[in-house]
Amino acid sequence: MKIESKAVHAGDRRKAGPYIPVTTPIYTAASYYYDDIETLDGVFAGTTAGYAYARYANPTTAAFEELVNALENGCGALACSSGMAALQMAIAAATSGRAQSVLAAEALYGATIKLLLNVLQPTGAAVRFVDMFDLAAVEAALAEFRPGCVLVESISNPLLRVPQLDRLAALCGRAGVPLIVDNTFATPLLLRPLELGAQFSVHSATKYLAGHGDVLGGVIVTDEAHLEPLRTLARVVGANLGPFESYLAMRGAKTLAVRFERQCSNAARLAEWLAAHPAVERVFFPARPDHPDREAIARLLPAGLSGAMVAFELRGADRAGVMRFLNALEMIVPATSLGDVHSMILYPFMSSHRDVSPELRERMGIRENLVRMSAGIEAAEDILADLDQAFRQI
Ligand SMILES: *Cc1c(COP(=O)(O)O)cnc(C)c1O
């Protein structure tokens, strides 16, 4: 089945007695029992398929997990209460029984940097950042630092760099180090990290997968070797996605392909328009002819789909100018998050990268006049018109 069809069928329509619900119901029960206690004994033992307690598994959440696993072509998925919980669980499962250390990309989502530096590092874990676009530096760091895992984003935030995931996976494979890919920005429509040799693909389901700005969630898809360690950890910790959120996320994910294709085409049109606009100094978008990762983009991304995020610098704008621009927007929502049906703009300097040190921010290339836009599914003309009138307020 093709990915568009999997999105509307995978995980759904499980037999629940003599009838088959057309869509998966919201199962709120905290625990389950059977006609005879021996069956429950078998469920606890793992020899009989079924449910026993909500921290172990929930049918609504399992359906959403099956759907995302099908989209990513993985061996199994675990849905978590947030994208950050998913990242923490993936790092814990990847480093289980290995060195407690992470070799991470320099360009990462702001909260991911905080997870590494403010949460993991104080527990004694070693964290090192490397330029994932310099494969020789990655190879050297793997040999010298010997990390427990490697962490990278398939499309980086906010400057939309695209690493050579296939080559990174090969380097990690040779070094025997699990590779975790945060695939939130790419979605399984653009990239499926496990097919390229990664061991974990992680999503903030809050973004494109759920897609409507009404649910916080995360999901991890992994390979055969890491599925049981991950599930064992999850059963004890219980950072699971709840049944209501799983229902919403699954409902959203069914339309992922149609939403995302529209968002990608809007973003491509937007990037071209911005590049020609006098109010804009620089545009960051994977389809731009001056993009530094053209080769990886041509090799790894499907033709015509370059993602739905566009970042740009406002010419001559300081913080106050960016604020005036954001205040002037009439349709585009100036809020944190991305991937929703409505277009959104975020100011990294003020939000996602606020707590990042000025030196690191400088090295990451995040300037005071940079904004990051998530294209929605509105008519492209309306998006451009809103930006155009707001540019005049700078
Ligand atoms: C939003 C986001 C996260 C965190 O996800 P939450 O659902 O907000 O916890 C992680 N990585 C990326 C790339 C994100 O955009």
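Trainee: How are H4 and H9 oriented to each other?
Mentor: Angles under 35 degrees count as roughly parallel, over 145 as roughly antiparallel, 65 to 115 as roughly perpendicular, and the rest as oblique. The axes of helix H4 (residues 83-95) and H9 cross at roughly 125 degrees and come within 9 Å, so H4 and H9 are oblique to each other. The model is predicted, so local features need pLDDT of at least 70 and side-chain atom pairs pLDDT 80 or more, while totals for chains, interfaces and linings use all residues. Numbering starts from 1 along each chain as its sequence is written, and side-chain values use heavy atoms, leaving out hydrogens and water.

Trainee: What is the handedness of the crossing of H4 and H9?
Mentor: A near helix turned clockwise from the far one by less than a right angle gives a right-handed crossing, and anticlockwise a left-handed one. H4 passes H9 in a right-handed crossing.

Trainee: Which residues of H4 and H9 meet?
Mentor: Contact means heavy atoms within 4.5 Å. From H4 come Met89, Ala92, Ala93 and Ala94, and they meet His226, Leu230, Leu233, Ala234 and Val237 of H9. That contact has 8 nonpolar, 1 polar and no charged residues. Here Ala, Val, Leu, Ile, Met, Phe, Trp, Tyr, Cys and Pro are nonpolar, Asp, Glu, Lys and Arg charged, and the others, Gly among them, polar.

Trainee: At what angle do helix H6 and helix H7 pack?
Mentor: Helix H6 (residues 135-145) and helix H7 (residues 165-175) pack at about 20 degrees, their axes 10 Å apart. H6 is therefore roughly parallel to H7. On the H6 side, Leu135, Val138, Glu139 and Leu142 make the contact, with Arg167, Leu168, Leu171, Cys172 and Ala175 of H7. By class, 7 residues are nonpolar, none polar and 2 charged. The H6 and H7 crossing is right-handed.

Trainee: How many residues line the largest pocket?
Mentor: A probe the size of a water molecule, rolled over the atoms, shows where empty space is left. On a 1 Å grid over the protein atoms alone, a pocket is an open set of points for a 1.4 Å probe, with protein on both sides within 12 Å along at least five of seven lines, and lining residues have an atom within 4 Å of a point. The largest pocket is lined by 38 residues, and Gly50, Tyr51, Tyr56, Ala57 and Arg231 lie nearest its centre. Helix H2 (37-45), helix H3 (59-72), strand S1 (76-80) and helix H9 (224-237) each give two or more residues to that lining. Helices are DSSP runs (H or I) of at least four residues, strands (E) of at least two, numbered from the N terminus. The lining has 21 nonpolar, 10 polar and 7 charged residues.

Trainee: Which residues lie nearest the centre of the second largest pocket?
Mentor: Leu159, Arg161, Phe284, Pro292 and Met364 do, among 25 lining residues. S8 gives the largest share, 3 residues.

Trainee: Where is the cis peptide bond?
Mentor: The bond from asparagine 157 to proline 158 is cis, with omega near -5 degrees. Proline 158 sits in the loop between strand S4 (149-153) and H7.

Conventions:
Axes fitted to C-alpha atoms, helices over the stretch in contact; angles between N-to-C directions.
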